[in-house]
Structure formats: structure tokens, C-alpha cells
Amino acid sequence: MPNFPLFDRLNLPSGMTHPTWVVLDLTGPYPERQPTQPLQALLNRTETVEALQARADALAGADWLHGVLVRISEFTASPATAHAIRGILKRLAEKKRVVAYVPQLTMTSLIAASGAGEIAAPESADVMVSGFAAQPTYMGAFLKKQGIEFENLRIKEYKAALTRFSEDQMDDANREQLQAYLSGIETAWARDMAGARGVSEDTARSWLDADFTSAQALKDAGLIDRLAYEDELIGPGTRPVAAIVDLLVRQFDRPSPKEDRIAVVPVIGTIVPGKSKNNPLPLPLVGGPMAGADTFVAALKRAKEDKATKAIVVYVNSGGGSALASDLMHREIVTSDKPVVVVMGEYAASGGYYLAAGADKIIASPYTVTGSIGVVSGKPVMEKFNERHGLRPEGVGRPQALKYSSSHAFSAEQREHLHRAMTEVYDRFTRRVAEGRKLSQERVNEIGRGRIWSGQDALGLGLVDELGDLHTGLQRAAELAGLKAGAPTWNAAPKHQGPLPEFAKEVRDAAHVSVWPFGGERVLIWLDTELRVR
């Protein structure tokens with residue numbers, strides 16, 4: 001390809017050497033998973049929050065750029081992720097003119113868009129601004145029809161990880177905690193909108209009851225600034241961000257490997273013993289990414305041993321899982337001689353909160369699902385199913401060794417044994433939280449009991465220190481370590497991961513994924529992350 005100057009390849013109008021505006025697309029779920037190096041994050045084709053932050057930082061530093069049109073379409077990220085993106089756009093808007101173009105006006109797309117200086121939508125935009133709701137499906141009656149019952153043992157009454165399998169309807173405790181969580185995130189939404197749109201929180205809250213049907217109605221109410229189609233928002237000097245990545249790379253500073261820096265270690269997915277892996281099987285509760293204790297501990301040790309690393313940020317997006325693995329992760333955090341800040345994503349509940357309790361500071365999104373300080377155990381009982389289909393398991397040996405067999409329900413003796421084990425785990429869990437959060441164990445039990453909290457409510461309870469996102473966490477880590485603002489970061493991973501590229505490792509690890517990833521462990525600190533708000 002001829003080596004034409006970049007502005008020639010961009011086919012810019014005569015007299016223009018650089019684009020004046022760029023178009024930045026926000027689409028899809030925006031996972032947290034990050035490439036190893038900041039420069040890779042900038043070039044990464046997979047849309048992640050870190051890649052977006054890298055692009056926004058580069059755009060903010062482009063002195064030839066006037067503005068950014070952020071096109072938010074088919075945006076399926078969680079409210080917590082949308083709130084992190086809001087912060088990215090808000091910081092970009094301090095340096096450049098930022099206009100958000102939002103053809104689908106939803107609760108979450110408006111959270112993200114509220115970071116921009118202006119919000120525009122086409123007259124024909126889809127409008128779905130009706131507050132938040134959740135609708136878990138209860139399968140107890142369905143499973144019983146198939147001859148399958150589900151044993152559900154829990155400590156305590158709010159611990160609902162298995163109730164959708166054991167029951168045919170929502171119990172009062174779960175309804176109470178879900179309603180409180182939804183109220184908490186609606187309060188957070190109203191505060192975000194009020195701050196962005198320059199209205200009172202009461203006015204923003206009234207928008208939840210307005211039942212808007214059109215973009216015009218949102219404009220009249222002050223939720224958006226203007227009605228416009230995309231072609232009315234761009235000019236001849238506008239180009240997509242992908243077309244100008246060469247210009248952005250040229251100004252991207254590579255940090256010196258000897259420069260003081262902050263390590264970022266992720267905990268994403270179900271917490272399990274052993275190594276991190278991904279379960280490609282679409283199984284309830286155990287499908288998707290798994291955060292292995294061995295992988296996390298090795299990554300944290302590497303960050304501790306790295307002489308240039310002065311602080312560590314642990315990013316948690318997990319509903320927990322293994323009590324053992326969570327405790328090993330907690331131990332590695334609490335024994336660190338370098339400051340550790342935990343940043344919570346969409347979920348940091350149950351085992352995800354257990355490990356977080358050992359940190360020097362905890363940052364949560366107001367939309368985070370956290371808490372769920374409780375214990376659960378159970379199993380499917382296939383006795384009637386086996387009878388129907390002519391299956392006859394025959395046990396030999398000690399009955400206690402077969403207590404988790406699905407061929408029969410727990411005996412009274414087995415149930416009592418499990419209750420003792422679960423009580424011990426709950427006592428250890430509440431003790432770890434009490435020690436980390438400087439609360440009495442009695443107080444932790446009061447706000448524990450398996451109950452979930454929004455990040456907004458968790459702040460008032462003392463379960464978290466501050467509301468924010470990864471950017472906030474990096475700031476606090478820098479302060480704790482005495483580093484300058486904007487200190488370089490790196491993504492810590494275990495040493496000697498081998499020469500296989502990441503996709504090949506995932507294929508290799510998929511062959512070793514089991515249906516039950518916890519080994520012989522059956523007492524879990526786990527939140528059912530099928531909870532989805534709409």
C-alpha cells in the first residue's frame with residue numbers, strides 16, 4: 001500500500017489535515033476483561049471498559065480534535081457498567097465537546113449518555129424509560145413435574161441463591177430485598193440524571209413515573225437536549241475513531257517499566273478452587289467465566305513482588321462461589337504489605353464480598369449488587385425421576401459418604417451435619433467482614449443474613465467506603481501509595497502463563513471444565529447472578 005499521509009487516506013476536505021470530530025460507538029455489553037497492556041487496550045477490537053477508557057484518554061489529549069459524537073446503540077451493559085462509562089464520558093467532556101446520540105432511550109443508555117455534555121435522539125427513537133424491575137423465573141413446580149425436587153439449605157433467610165430451583169414462587173424475604181435493591185438503584189439513577197441535567201432529584205425521580213412515549217416528550221421534560229438524526233450531527237470533517245487510530249497511537253505514551261505503578265487484578269465470574277477458566281456450557285449457575293483462587297493468588301503475589309508496583313486494585317465482578325477459594329483470596333489481600341483497593345462492578349456479592357472485606361478501601365458503583373453475606377448448600381433429588389425412568393442407584397458403604405447423592409433426600413442426621421458446617425462458614429464469613437470493616441460481628445450479622453444491598457445502600461451501612469468506578473479506585477490506590485494522580489497501571493497475571501495465545505488457552509481449558517466446578521465442596525457462599533434488572 002502506498003505510504004500516503006494519513007489525512008490523504010482519510011479523504012478529508014481540502015485544507016484539513018486532521019478530522020475535527022470523531023464518532024465513537026458504544027454497543028453491546030462492555031465486559032471488563034482487559035488486554036495485558038494499555039496500548040493493546042487502545043487497539044483492541046473487543047469492546048471493553050478499559051479499551052474505551054484508553055480511547056477516551058487519547059481523544060482528550062488530541063489537540064487537533066474539537067468534538068466527539070458518541071453513538072450509543074444496542075447498548076446491553078449493566079447499570080453498573082453504564083455508570084462507569086458515564087464517568088469516562090464526563091471526564092472526556094471536560095476536554096472536548098461530547099454529544100451522545102441515542103436512538104434507543106433506555107434506563108441504562110441514559111446513564112451512560114448522561115456523562116456527555118449534550119444528548120440527542122432521532123424523533124423516532126425507541127423510548128423505554130419506565131424504571132427498573134426484575135423477574136426471576138421459579139422452576140420448583142416444573143422440576144417436580146419431571147420428578148426432580150431440590151434440597152435448599154441456607155443461612156440465612158435472605159439467601160436466595162437456590163430458591164428458584166426449590167420453590168415455585170418468591171418468598172417474602174427475597175421480595176423485600178429485591179424491592180429494596182431496585183429502590184436503591186432508582187435513587188442512584190435519579191441522582192445521576194439530576195446532576196447531569198441540572199434539575200432537582202425530585203424532578204428526576206418524577207421522570208420514572210412520567211411513562212414517556214416519545215423522544216419529543218423526553219426533550220420537553222429536559223431529559224435530552226435535541227431531536228436530530230445522525231447525519232444532522234456530523235460534518236465533512238467527521239471520521240470514525242477506528243479510522244484515526246494511527247493518530248492516537250502516535251501520541252500514546254508508553255510508561256517506563258521502572259516507573260512507579262499500580263497493578264490491576266480482576267476477579268470475574270464464579271469463584272472456584274484451582275485455576276481460572278471459562279465454562280462454555282450454558283448451565284445454570286456454573287456457566288461462563290470462573291475466577292480461580294490459584295490464578296488470583298499467583299497474580300496478586302506477582303504484583304506484591306514487583307518492585308515498581310506500589311499499590312494494587314482488585315476489580316471484582318462476581319457473585320461468589322467457593323467458600324474455600326474466597327477465603328484464600330481474602331488471605332492474599334489481607335496479608336499484602338502494599339495498599340489494596342477493591343473496585344466492585346455489577347456484582348461483588350457473597351464470596352465476591354468476602355474477599356473484598358480484606359481490602360484497605362472498597363469502591364462500589366451505586367448500582368452494584370453487593371452483600372449477600374450468607375451460606376447456601378443443596379442438591380437436586382432425582383428419586384422420583386429415577387423411578388419413572390427405571391434407574392436404580394444402589395449405595396454401598398457409609399451413608400455419610402453418599403450424602404450428596406442425588407438419588408435420595410438428606411436424612412435428618414445429614415441435614416444436621418450440613419447445618420453445622422454451614423454455621424461454621426457463616427461465622428468465619430461474618431468474622432472476616434467484622435475485622436475488615438471495623439464492625440462488631442453482631443452488626444455484620446444484622447446486615448448480613450444473606451441479604452443483598454445496592455452499592456448506594458451499602459455505603460450507608462459501612463460495607464463500602466465510597467461510590468465510584470475503576471477510575472476512582474485507581475485514584476485512591478495512588479493516594480494510599482503516595483503516587484501522583486494518573487500513575488501508570490498494568491494488568492497483573494501469574495508468571496509463566498506459557499506461549500499459547502489467549503484464545504488457545506480458553507479452548508484448552510474448556511476441555512477440563514466439569515459440570516460441578518467446586519470439587520467435593522458443597523457449602524458455598526454464592527449469589528445467583530441470574531438477577532437481571534430491566
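Glu 74 belongs to strand S2, which covers residues 67–75; strands (E, at least two residues) and helices (H or I, at least four) are DSSP runs numbered from the N terminus. The structure is a predicted model in which local features need pLDDT of at least 70 and side-chain atom pairs count only at pLDDT 80 or more, while totals for chains, interfaces and linings use all residues. Residues are numbered from 1 along each chain as its sequence is written, and side-chain values use heavy atoms, with hydrogens and water left out.

The chain contains 20 helices and 23 strands. Of its 534 residues, 53% are buried, where buried means under 20% relative accessible area, exposed over 50%, and partly exposed in between (1.4 Å probe, protein chains only). Among contacts with a separation of 6 or more, 74% link residues 24 or more positions apart; a contact requires heavy atoms within 4.5 Å.

The largest nonpolar core holds 68 residues, and Leu 59, Leu 105 and Trp 189 have the most contacts inside it. Such a core is a set of buried Ala, Val, Leu, Ile, Met, Phe, Trp, Tyr and Cys residues joined through side-chain atoms within 4.5 Å. Helix H8 (residues 172–197) supplies the largest share of this core, 9 residues. Beyond its neighbours within four places in sequence, Leu 105 is in contact with residues including Leu 110, Ala 121, Met 128 and Ile 224. Another core, of 53 residues, lies apart from the largest one and includes Val 316, Met 329, Leu 355 and Ala 434.

Helix H4 (residues 79–93) has 15 residues and should span 21 Å at 1.5 Å a residue, which agrees with the 20 Å between its end C-alpha atoms; the expected span is 1.5 Å times one less than the number of residues. Because 12 of its 15 residues are buried, H4 is largely enclosed by the rest of the structure. The buried residues of H4 include Pro 79, His 83, Arg 86 and Leu 92.

| Site | Angle |
|---|---|
| Glu 74 | phi near 50° |
| Arg 449 | phi about 55° |
| Ile 155 and Lys 156 | omega about 5° (cis) |

Most residues other than glycine have a negative phi, and most peptide bonds are trans. Arg 449 sits in the loop between helix H17 (441–447) and strand S20 (452–454), and counts as partly exposed because its relative accessibility is 24%. Lys 156 is placed in the loop between strand S7 (149–155) and helix H7 (163–166).
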